[in-house]
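This report describes selected geometric features of one protein chain.

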Amino acid sequence: MDIHNSNEDVVFATVQNVFNEIQKSGNPEKYCMCYQCRIDTICYTLNRIEPNYIVSNRGFTRFEETSIKRQQIEADITTLIYKGLRLVNHNQRPTAPHDGTSMAVSKIYHPMFDIPTIAGRIFDGISFEPIEGIDVTLFCEGEIVDMRNNNWQNPYTMVASTPGAYTFWPAPIIADAPDLSRDFKFSIKVNSPQFEPLSHFFNIETLSRFHSPQSYALNRTFKLPDLYLFPPGEAEMNDQI
């Protein structure tokens, strides 16, 4: 089920901002900035606010548009964060190192550009049959794209069980801050001795968030137009006709 509590995004972002401000001010209260204390502060806050569940991007958009309501929510959350931070620091977990580092949390709760799954189909330009047995590679600005996990391959080998279809799910990319827009320049390339080389270029614009979806969903799929491969020399023959 594709359900998301949008208030989690607000809490994660606000906790990050609060801890950053404390560090910038020199941390006069000597709060522990370790990963465990930050996680405990997040849990304390989330357990004391009502969730705001959405099932689509429209739901998130409506929440964003009610700016007055959001400002009040963020103010209430900030108050809870400071209260939680004080309680957590007075009751630190004895099993955590509390060495003052924030490296672990910066990696886990860093804002990310989440790239949707990318899907398309490739056919034989002469027979119009689905292609199989060749590799399709996804590039971003000239570099082969890392995949979300080992269940997704790049290059992707076309197989008979999914006639003509290929799919990629790029790994999320670290952003400098949340709510940044970036236009990524991708390309699909096929090089096979059976066919003329094929390159298809396209852009995907995405917004940085603190959460990245962990499951595949059709409504987060970027669909490419059908592509066609031709035998070597076919293009030159067509130009001469």
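In which loop is lysine 30 found? Lysine 30 is found in the loop between helix H1 (6-24) and helix H2 (35-46); helices (H or I, at least four residues) and strands (E, at least two) are DSSP runs, numbered from the N terminus.

The model is predicted, so that local features need pLDDT of at least 70 and side-chain atom pairs count only at pLDDT 80 or more, while totals for chains, interfaces and linings use all residues. Residues are numbered from 1 along each chain as its sequence is written, and side-chain values use heavy atoms, with hydrogens and water left out.

**Overall composition**

The chain contains 6 helices and 13 strands. Of its 241 residues, 42% count as buried, where buried means under 20% relative accessible area, exposed over 50%, and partly exposed in between (1.4 Å probe, protein chains only). Among contacts with a separation of 6 or more, 75% are between residues 24 or more positions apart; a contact means heavy atoms within 4.5 Å.

**Backbone geometry**

Most residues other than glycine have a negative phi, and most peptide bonds are trans.

| Residue | Phi | Relative accessibility |
|---|---|---|
| Lysine 30 | near 60 degrees | 66%, exposed |
| Glutamate 141 | about 50 degrees | 49%, partly exposed |

Glutamate 141 lies in the loop between strand S5 (135-140) and S6. The peptide bond from asparagine 154 to proline 155 is cis, with omega near 10 degrees. Proline 155 belongs to the loop between strand S6 (143-144) and strand S7 (156-157).

**Packing of H1 and H2**

The axes of H1 and H2 come within 10 Å and cross at roughly 135 degrees. Axes are lines fitted to C-alpha atoms, for helices over the stretch in contact, and angles run from 0 to 180 degrees between N-to-C directions. H1 and H2 are therefore oblique to each other (under 35 degrees counts as roughly parallel, over 145 as roughly antiparallel, 65 to 115 as roughly perpendicular and the rest as oblique). On the H1 side, the residues that meet H2 include Val11, Phe12, Val15 and Phe19; their counterparts in H2 include Arg38, Ile42 and Leu46.

**Surroundings of proline 116**

Proline 116 is in the loop between strand S3 (112-113) and strand S4 (117-124), and is buried at a relative accessible area of 16%. Not counting residues up to four places away in sequence, proline 116 touches Phe168, Trp169, Pro170, Ile204, Arg220, Thr221 and Phe222. Its C-alpha atom is separated by 8.7 Å from that of threonine 206, 90 residues apart along the chain.

**Aromatic side chains**

The structure holds 9 aromatic pairs. In tyrosine 166 and phenylalanine 168 the ring centres are 6.0 Å apart and the planes are at 55 degrees, so the pair is tilted. Rings of Phe, Tyr and Trp (its six-membered ring) pair if their centres lie within 6.5 Å; planes under 30 degrees apart count as stacked, over 60 as edge-to-face and the rest as tilted. Tyrosine 166 is buried at 0% relative accessible area, and phenylalanine 168 is buried at 0% relative accessibility. One aromatic cluster is formed by Phe113, Phe184, Phe186, Phe202 and Phe222.

Charged groups also sit over rings: the charged end of arginine 48 is 3.7 Å from the ring centre of tyrosine 44, and that of lysine 189 is 5.1 Å from the ring centre of phenylalanine 139. The criterion is that NZ of Lys or CZ of Arg is within 6 Å of the ring centre and within 35 degrees of the ring normal.
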